[in-house]
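Colleague: I would like to learn how to read strand pairing and salt bridges in a model. Please take one feature at a time.

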Amino acid sequence: MKKVFSIDSSTIGAGKCKVKWQKREGQYIAINGGEMVDKIVLEGKCTGLDWSPDGELLAITDQVTGVITLWDANNKKIYIQLDTTWNDLSFCQWSKKGKRLAVGTKKGNLFIYDRKASKKVPILGKHTKSIICGCWQDDNIIACGAEDNSFSISDLKGTTLYERTLKGKPSLMKFASMVDQNNPENKNQVLSMVLNHRYFYIHNMDNPEDPLELVFQEEYGNIVAYEWFNENHIFFGFSNGNFIVMSTDPNYIGQELYHQKSHNDYLSNLIVNYSINKVATCGDDMIKIYELSDLKETCETITVDDDTGKLYSLEWSEDGQFLAVTTKHGNAYVYLYKLPFLGSTYGTTLAYLTSLQEVTLIDQSKTTMAANDQIPPSIKIKVDIEPSILVVGERHLAVGVNNQVLFYPLIKKNNRNDNEEPNNEENDYIQYEYLAPIKRLLLNRTLAAGLLTNGKLQIHNIDNSKSKSNKVQKLFPNNTDTFLIMCAALTPNFCIFGTNTGVIYHYDIENWNLVNTIKHKTGIKELYPQFKGGIKFIFIDDLNDGYICNPVNNTIIQIPGISRILWDVECKNSCTFVSYDNENLTTYIFTESHIKGSQCTIMGTTKLSYGLRPILLNAGVVSSQTHNGKICMTQLSTHLDIKEESIGKEKNISKILQLLYSLGRFDELWKVFDFNKDIESWRNLAEKALINLDIRTERKKEIGLVGDADKVIFLNKIEGVEDKNSLCGQISMLLGEYDNAQVNIYNNNNNNNNNNNNNNNNNNNNNNNNNNNGIAALNLRRGLRQWDQALSLASTFAQNEVSIIAKEYALELEFNGDYYQALSMYNK
């Protein structure tokens, strides 16, 4: 974890300081009333800091003037100063949706500001002493705790809905839900608080006269912080360094589920960040960070060894990117905990963010797979902005923010030695400004395409971007089209984009001719083109259904259970890709040559470690980004190396053989043959090869293992068959799938007759074609002595054959003793 910056007490004043991250955006941090972009001078001590939920306004209060200062993050200046006419403001907090701001005073008064209506609602005498804590339930109910040992619940007009005297001073007030695990639909809205830093008090909104009070062991010390988690757990941090997790299930309320001495001397704060599933504690001059899923092990430790003051508070930005800690001496330190997941690939080249303004490029094909292998960086590029867009192409690295993109050439950098340290001299770049903010950026060898937030696709030549005019080469759609472009892809030869109307367009980028159009039933939201050796692509529609498409013949196959996609960039003998979510990587194989048409099959699932973002798949190895700017590799379970010593002991050898075959790992397949000659397993493989129309593999198996001469002769006979339907029909007959054989024979004759008709310019032979197809199917059924099917076909396509087939059928029935049915056939 890297320290980004620090602010000492000479800037913000000595003593305990408050720190608040801007919500949602996390671009600004407010510290004790001062902000790094702007400095706001207060006449008295800062008593309250709170960002509005949308991150636009920062509310600041002090104990002297009675003025509420609202600072505007968009314009970086004070938005308005609200005079409450009361001095000694003691507390402030925005409502859940940011519509209203509540401010309390040391005299017990309450002030509510309606942001939308610019309306002030002063409420006198809410409490007899200072309001020291409070919280909102949605935007309509405000709870306040005061030094008079009481709390109140009020509506927007200030009407007290409930109040109660407590046995101690309240603090750390929060609204939450308690869920019965036996009945998840039973949710109780509660208000929780700490009394005198020792007791935990839970007020049930539905049963206010029956509060719950929990007392902890005295050796734990005072409660310094707590966080509700998953509606049925609470994290507690205690001053003596203890950290516990308690159940809130009604049946187990108060039961400690986990306890740890997190810090030896003291613990001053605890904070949970749900976006990254982490909990952090501070104390003993260090910060400890734990995984919510496994609290037994400390993920990371940060030692603040350059400050002698005790650590006081922690504040995490909402996205978990930055972590701030303050000390009792008034110093603040900000650490970069998590980098944005910015990464891109082109072939086996992988570019990813390793610092806020540093991009690392590696060639994944030059790395080796090992347990917990961390790939060493090969090229580092210092970029001139903190990017929110990062894309790598064949010759360029592009980084951008909003509608501005910088293109850095990679040719010279690729010639530098891998071990050579990157120089600090300024990098040359080409700057380009797009017509609107960029949703996605695409690169190939010479072109860049920006998919814009307004539904346009702006394409230009990268090297010509130096021209002052920045002339747009292509802009889709044109002014007469009404559709919006939702996704796009740029390959070496084609520009592909999908629209909200469900149409996918293919343009040849050499002449910009429309070469193919595919129409789908609903809008297209994602496109994933195959990188190497093919023109297939996968698309996901607005219903989150996935499809794989071959635009040569517009074959479209639905893919089951698909989410985000990575194509294997180095698949040589198979068409492999993975679909991934936050937990699993699922391996798919697409087979075009199949006896029943194109097929897409799930081959297996691999567990994905928490917090990883897959970015590249190369020969069965998945490269993933981590939150701290590193790359780790995971080998798919379907691609694990098979060791020779384990082949003979493997029980399910048939599964291994079919997996190796499907993945195109033929060298390893025949190595298995040398060590394991289980006939049944190899017969199963042979059948799979036949189903995939792979005559060569089937024949090799028959010759080498079984020695079935008749089958080898048959395979030699059909190996030269070029017509796919005819081949499928022959193989279907061999496998005993006669219905499928009939369909293929019918289609084969139909194709042949159509070709003959086209050559003869004869358009009047459709009936003859159908008859020829039917007769071919009839002959198949007749030869198999499947008389019922043969009669059905004869009655449609060859009436003159009905009596002959019926007689043959009758003879067989008579021989079998079925005289009544035989008589019926003779009568035909």
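Modeller: Start with pairing: two strands pair if DSSP finds at least two bridges between them. Keep in mind that this is a predicted model.

Colleague: In strand 20, which residue is the bridge partner of Val190?

Modeller: The partner of Val190 in strand 20 is Asn204. Strand 19 and strand 20 run antiparallel and are joined over six bridges. Their hairpin has three residues between the strands, and Asn196 there takes a positive phi near 55°.

Colleague: How many bridges join strand 18 and strand 19?

Modeller: Nine bridges, again in the antiparallel sense, join strand 18 (residues 170-180) to strand 19 (residues 183-195). Asp180 is found opposite Asn183 of strand 19.

Colleague: Now the salt bridges. What is the general idea?

Modeller: Side chains of opposite charge can pair when their charged atoms come close. The cut-off is 4 Å between a side-chain nitrogen of Lys or Arg and a carboxyl oxygen of Asp or Glu.

Colleague: How many salt bridges does a search of the whole structure find?

Modeller: The search finds nine. One of them joins Asp114 and Arg100, whose closest N and O atoms are 3.7 Å apart. Asp114 belongs to strand 12 (residues 110-114) and Arg100 to strand 11 (residues 100-105), so this pair ties together parts 14 residues apart in sequence.

Colleague: Is Asp114 buried or exposed?

Modeller: Asp114 is buried, at a relative accessible area of 17%. Arg100 also counts as buried, at 15% relative accessibility. The cut-off for buried is under 20%.

Colleague: Which side chain does Glu209 meet in a salt bridge?

Modeller: Glu209 meets Arg164, at 3.7 Å from N to O. Glu209 sits in the loop between strand 20 (199-204) and strand 21 (212-215), and Arg164 in strand 17 (residues 160-165), so the pair links distant parts of the chain, 45 residues apart. Glu209 counts as exposed at 59% relative accessibility, while Arg164 is partly exposed at 25%.

Colleague: What does the salt bridge of Arg445 and Glu394 tie together?

Modeller: Their side chains meet at 2.4 Å, N to O. Arg445 is in the loop between strand 41 (438-443) and strand 42 (447-452), and Glu394 in the loop between strand 37 (389-392) and strand 38 (396-401), so the pair ties together parts 51 residues apart in sequence. Arg445 is partly exposed at 37% relative accessible area, and Glu394 is partly exposed at 33%.

Colleague: Which residues are linked in a network of salt bridges?

Modeller: Asp54, Glu56 and Arg115 form such a network.

Terms used: Residues are numbered from 1 along each chain as its sequence is written. This is a predicted model: local features need pLDDT of at least 70, side-chain atom pairs count only at pLDDT 80 or more; totals for chains, interfaces and linings use all residues. Side-chain values use heavy atoms; hydrogens and water are left out. Helices (H or I, at least four residues) and strands (E, at least two) are DSSP runs, numbered from the N terminus. Buried means under 20% relative accessible area, exposed over 50%, partly exposed in between (1.4 Å probe, protein chains only).
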